[in-house]
Amino acid sequence: MSATNSSINYVDWFRHSSPYIHAHRGKTFVLMLSGEAIADAHFANTVHDIALLNSLGVRLVLVHGARPQAEQRLQARGLETRLHHDLRVTSSEVLECVIDAVGSLRTEIEARFSMGLANTPMHGARIRLCSGNFVTARPVGVLDGVDMGHTGELRRVDHEGIRRLLDLGQIVLLSNLGFSPTGEVFNLSVEEVATQTAIALKADKLILFGSEAGIHDSRGELRSELLAETATRLVHQYLARVADPEQPYSETACLLEAAATACQQGVPRCHLISYQQDGALLTELFTRDGQGTMVVSHSYEQVRPASIEDVGGILELIAPLEEKGVLVRRSRERLEGEIERFTVVERDGAIIGCAALYPFADEAIGELACVAIDGSYRGGQRGDRLLAAIEDQARELGLQQLFVLTTRTAHWFVERGFAAADLEQLPQEKKALYNFQRNSKVFFKPL
């Protein structure tokens, strides 16, 4: 039985992931892997997941850092590390350690993607990784009186050269090193390289691996979506706490700043996921809710009027509530005939919430009906957004009150300004259709 259930779950997951497989094919993703992510025990599985994306037709650019690996080499040589505004002050000796660390990691990454043993996820993959001098940089120079040495800032990304390699089906590998027209090597921020590469390529996604699974709110709950302007505000709050310029910035601040910058300059979606969670990349990309935080310029979840194409989604949404007796059953024919009364919450192409407004113009009263939120998406104020949309519609129609009939969710409506009322207050037409067997409670709210 367990084997059968496992097969059913697999088939069900695969079917639900198929829209995302189609959506991602041919798209360009930039993935940032910090040195910590490469050193993590789950890195081998992350490589397997990246290989799977490549086999599904996703165009991939990997940008890797080397901070902990460079730090190990500095300590081995007895060299001190100094930070200034979260940038490593890079002397000639420090640069040697950084180049050594980057070179070693590049070799390790190439070796990982070359594996093809039988009975492993990489068998038959034949992945080609290509790197080169695609990043042009210049020295930061003297910053607040501190000579930054060989620390650089990015000038240009050769996006045309990268695209030619992506067109050949290759994965492009970049590091945190940049090069100048005079042949110098500069130590860059891996977040800057990843962000500016995504912007230059007009990438569809920037995916940032960190130690945490995205951003959590004050209650410790994961934020599945964050607007870029909110991310920027949080970055300012984080950085305001850093008084000492030699104190490192938090990882969260660095990743949020990268995501916000990318979104504000044209990258549609940025994802913050954890390299410590096995399978986080696939879960984030191939399930509706993901496993991290997505930063977007504009919310991809919207409240809008329903159309005839939404009938199937609404029926699927309300069916469980109809079976429990929470909602009155509606046939497809009835729903199709009344679809202009409905407002829906759409998330990534799926209907996850709905509500309907039935006006009784003579009495200037409207009925709020068929309020439903998918069980996986309760919370997050989706019900409040639906109610607000219905109230706005009612006011535009000149209605002065809303009423609702409910058997199970009276408290929710009371918390939002509805008050218990007598059956006699219902419009005459509605009163004549009242189902005494359901014995629904009546609640009114003035507009």
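**Close-up views of a predicted model**

**View 1. S2 and S10 in the sheet.** Strand S2 and strand S10 (residues 171-174) run parallel and are joined by three bridges. This model is predicted. In S10, Leu-173 is the bridge partner of Leu-62. Strand S2 spans residues 59-64, and five of its six residues are buried, so S2 is largely enclosed by the rest of the structure. Buried here means under 20% relative accessible area.

**View 2. The strands around S1.** S1 also runs parallel to S2, with six bridges between them. Leu-31 has Leu-62 as its bridge partner in S2. S1 (residues 28-33) pairs with strand S13 (residues 205-210) as well, in the parallel sense, over four bridges. There the partner of Leu-31 is Ile-207 of S13. Strands of a sheet pair through backbone hydrogen bonds, either parallel or antiparallel.

**View 3. The whole sheet.** Eight strands make up an open sheet. Their order is S5-S10-S2-S1-S13-S17-S18-S16. The pairing is mixed. Strand S5 (129-131) and strand S16 (225-227) are the edge strands, each pairing on one side only. On average, neighbouring strands are turned by 25° against each other, direction ignored.

**View 4. Helices lying across the strands.** Helix H9 (residues 251-264) lies across S1, S13, S16, S17 and S18. S17 covers 269-274. H9 runs at about 180° to S13. Helix H8 (residues 228-240) lies across S16 and S18 (293-296). H8 runs at about 80° to S16.

**View 5. The H3 and H5 helix pair.** Helix H3 (residues 43-55) packs against helix H5 (residues 92-114) at an angle of about 60°, with the axes 10 Å apart. That angle makes H3 oblique to H5. The crossing of H3 past H5 is right-handed. From H3, the contact is made by Phe-43, Ala-44, Val-47, Ile-50 and Ala-51. From H5, Glu-108, Ile-109, Arg-112 and Phe-113 take part. Seven of the contact residues are nonpolar, none is polar and two are charged.

Terms used
Residues are numbered from 1 along each chain as its sequence is written. This is a predicted model: local features need pLDDT of at least 70, side-chain atom pairs count only at pLDDT 80 or more; totals for chains, interfaces and linings use all residues. Side-chain values use heavy atoms; hydrogens and water are left out. Axes are lines fitted to C-alpha atoms, for helices over the stretch in contact, and angles run from 0 to 180 degrees between N-to-C directions. Helices (H or I, at least four residues) and strands (E, at least two) are DSSP runs, numbered from the N terminus. Angles under 35 degrees count as roughly parallel, over 145 as roughly antiparallel, 65 to 115 as roughly perpendicular and the rest as oblique. A crossing is left-handed if the near helix is turned anticlockwise from the far one by less than a right angle, and right-handed if clockwise. Contact means heavy atoms within 4.5 Å. Ala, Val, Leu, Ile, Met, Phe, Trp, Tyr, Cys and Pro count as nonpolar, Asp, Glu, Lys and Arg as charged, and the others, Gly among them, as polar. Two strands pair if DSSP finds at least two bridges between them. Buried means under 20% relative accessible area, exposed over 50%, partly exposed in between (1.4 Å probe, protein chains only).
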